Amino acid sequence: MLDVRDLRMRYGRTDVLAGVTFAARRGEVLALLGPNGAGKTTTIEILEGFRLRSAGQVSVLGTDPAHAGEAWRARIGVVLQSWRDHAKWQVRELLAHLGSYYAPYSAPGLPRPWDVDELIAAVGLTEHARKKVRRLSGGQRRRLDVAIGIVGRPELLFLDEPTAGFDPEARRDFHDLVHRLSDLDEATILLTTHDLDEAEKLADRILVLAGGRIVADGSADELSRRMSTQAEVRWSRDGQRFVHPADDPTRFVRELFRQYGESVEDLEVRRASLEDTYMALVRQAESGPGAGADTAARRLSVVAG
Amino acid sequence: MNTHWAAVRAGLRRGWIELRHQFTTPSDLITTLITTAVFLGVMVYLRATTVPGTHFSLGTATLAGVLGVSVGLNGLATMAVLLTAEHEDGTLLRAKAIPNGMTGYLIGKVVTVSGTVVIGVSGMLITGLFLFSGLAIGSAGAWLTLTWVLALGLVATLPIGAVLGALIPGARSAGLLNLAVIGLVAVSGIFYPITHLPHWMQWVGQAFPLYWLGLGMRSALLPAALASVEIGHSWRHLATFGVLSAWAVAGLLVAPVLLRRMARRESGSSVAARREKAMRRVA
């Protein structure tokens with residue numbers, strides 16, 4: 001679906017991307033997570049074919065996006081942040097029109113475009129189908145943006161900062177929509193975000209991009225396990241409180257019970273949260289090469305404890 | 001189904017839809033009506049004056065010239081301004097994100113602007129028939145001339161409009177373009193015979209398509225005797241055809257290159273950057 005190797009991007013004398021490597025399988029939801037300025041948007045725009053890379057190999061649906069044609073374009077979807085374009089168009093009118101470009105690209109078992117009324121229902125805009133785009137609320141507009149992105153039934157969908165500027169409710173609605181999308185068509189989805197919570201909720205796999213490199217790649221669970229082997233153990237004995245870091249908390253607690261038995265109370269074992277891990281990774285990447293990510297994560301979990 | 005043909009059809013439909021929007025959106029409609037009314041008002045004011053050296057109404061002569069210049073103004077300025085605005089607001093990026101979207105977008109724009117011109121010229125001409133006397137539109141030749149001048153005028157100005165639209169960085173600079181175009185109208189002999197202008201201004205006017213569009217429309221709609229007040233005492237059809245064709249060829253050669261360049265540079269972050277800039281301007 002998606003194969004990126006040693007992708008590099010340089011503006012003038014600054015390396016925005018310094019060797020990014022990752023891949024995605026069919027049906028996977030991938031979140032590219034990173035602080036502002038980490039190169040997320042640059043990466044996604046290179047994959048969309050909207051920007052030329054400086055070096056590296058990129059294959060999107062088996063084709064190099066820098067030389068891809070319109071047939072390739074018909075198989076990918078890009079969710080753009082609308083502003084005031086197509087203000088006079090009605091929702092249904094616009095979707096039907098933009099969908100018509102995809103009709104010649106239908107494949108066996110994959111009719112294109114999406115039926116317009118079905119699509120409008122899927123994004124929850126049925127009541128607003130006849131409304132002009134400029135009369136939509138911010139949240140409704142974003143649903144329309146998503147609908148435009150998927151009107152051609154893409155095999156691969158790109159979403160760049162999809163929930164920037166959303167209120168919590170709109171954000172939850174949007175998350176539901178993305179879940180439904182990945183279930184419906186087995187579409188592969190790549191989204192960028194700087195919101196850890198969002199990445200955790202939406203993605204099968206999280207890629208952390210910092211300092212122009214992928215510094216972590218795995219499920220939310222894997223990331224927090226892999227990065228924070230150290231945990232913090234708290235307990236009290238005879239009314240006195242204790243805090244102790246442990247590399248192997250299980251063994252540490254077993255030992256604790258063996259020594260003190262019944263007198264151990266208020267036992268608590270805390271691993272560093274995903275957020276701690278993420279912050280440590282980012283801080284380490286931004287402070288330049290040096291100590292490994294593992295050490296940085298550990299250092300932070302100690303500080304946080 | 002042929003993919004290219006699908007894009008052409010989508011483009012034609014797009015042009016038709018946007019044309020309909022233009023004539024059903026009250027604010028757009030009011031702007032069009034007011035502009036037309038101002039032009040007609042000026043001509044009515046000039047109705048009693050005569051073209052120097054003749055007994056012919058300057059109002060009627062001006063009507064013919066204004067019809068010609070409106071073709072050029074729409075082709076150049078409207079095309080450029082629409083392209084600049086839609087470059088800024090992300091319409092073009094949307095077109096780029098769908099297969100053959102740019103082809104459809106451009107065809108749509110050409111259809112919308114051409115449709116606006118045809119409707120505008122018809123509307124003004126029909127109103128003019130009631131307000132002014134002396135229009136020589138009884139012959140088939142008059143309509144034939146009107147048709148080719150209008151068609152060639154669009155082919156000459158739309159690509160140049162697209163070139164300007166691709167070069168102008170933002171909606172703000174598009175205002176400057178409008179000023180330049182107004183200056184051009186002033187030296188194109190629309191409201192007063194060009195022969196009464198200083199020599200150098202006549203040359204500037206003749207270098208651009210607006211003068212020739214005005215001349216062509218006058219030749220179609222005014223009595224043959226009125227040619228006597230033009231440069232060379234002639235309607236100069238051959239020169240009109242030649243200059244407009246030259247602009248058309250130049251535009252059609254340059255426009256695809258610049259439009260492709262503009263499209264290539266388009267991305268989500270470039271639209272976002274322009275949006276931020278525009279927001280700062282408002283704030």
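Two strands pair if DSSP finds at least two bridges between them. Strands (E, at least two residues) and helices (H or I, at least four) are DSSP runs, numbered from the N terminus. In this predicted model, local features need pLDDT of at least 70 and side-chain atom pairs count only at pLDDT 80 or more, while totals for chains, interfaces and linings use all residues. Residues are numbered from 1 along each chain as its sequence is written, and chains are lettered from A in the order in which they are written.

Three strands of chain A form an open sheet in the order 2-1-4, with antiparallel pairing. Its edges are strand 2 (14-24) and strand 4 (55-60), each pairing on one side only. Eight bridges join strand 1 (residues 2-11) to strand 2 in chain A. Val4(A) has Phe22(A) of strand 2 as its bridge partner.

The largest nonpolar core has 145 residues. Such a core is a set of buried Ala, Val, Leu, Ile, Met, Phe, Trp, Tyr and Cys residues joined through C-beta atoms within 7 Å. Buried means that 20 or more other C-beta atoms, placed from the backbone, lie within 10 Å of the residue's own. Helix 3 (residues 58-88) of chain B gives the largest share of this core, 14 residues. Val208(A) is among the residues with the most contacts inside the core. Leaving aside neighbours within four places in sequence, its contacts (C-beta atoms, placed from the backbone, within 7 Å) include Leu33(A), Tyr278(A) and Leu281(A).

The contact between the chains takes 28 residues from chain A and 29 residues from chain B. On the chain A side, helix 3 of chain A gives the largest share, four residues.

Note on methods. A residue is buried if 20 or more other C-beta atoms lie within 10 Å of its own, exposed if 12 or fewer, and partly exposed in between; C-beta atoms are placed from the backbone. Two residues are in contact if their C-beta atoms, placed from the backbone, lie within 7 Å.
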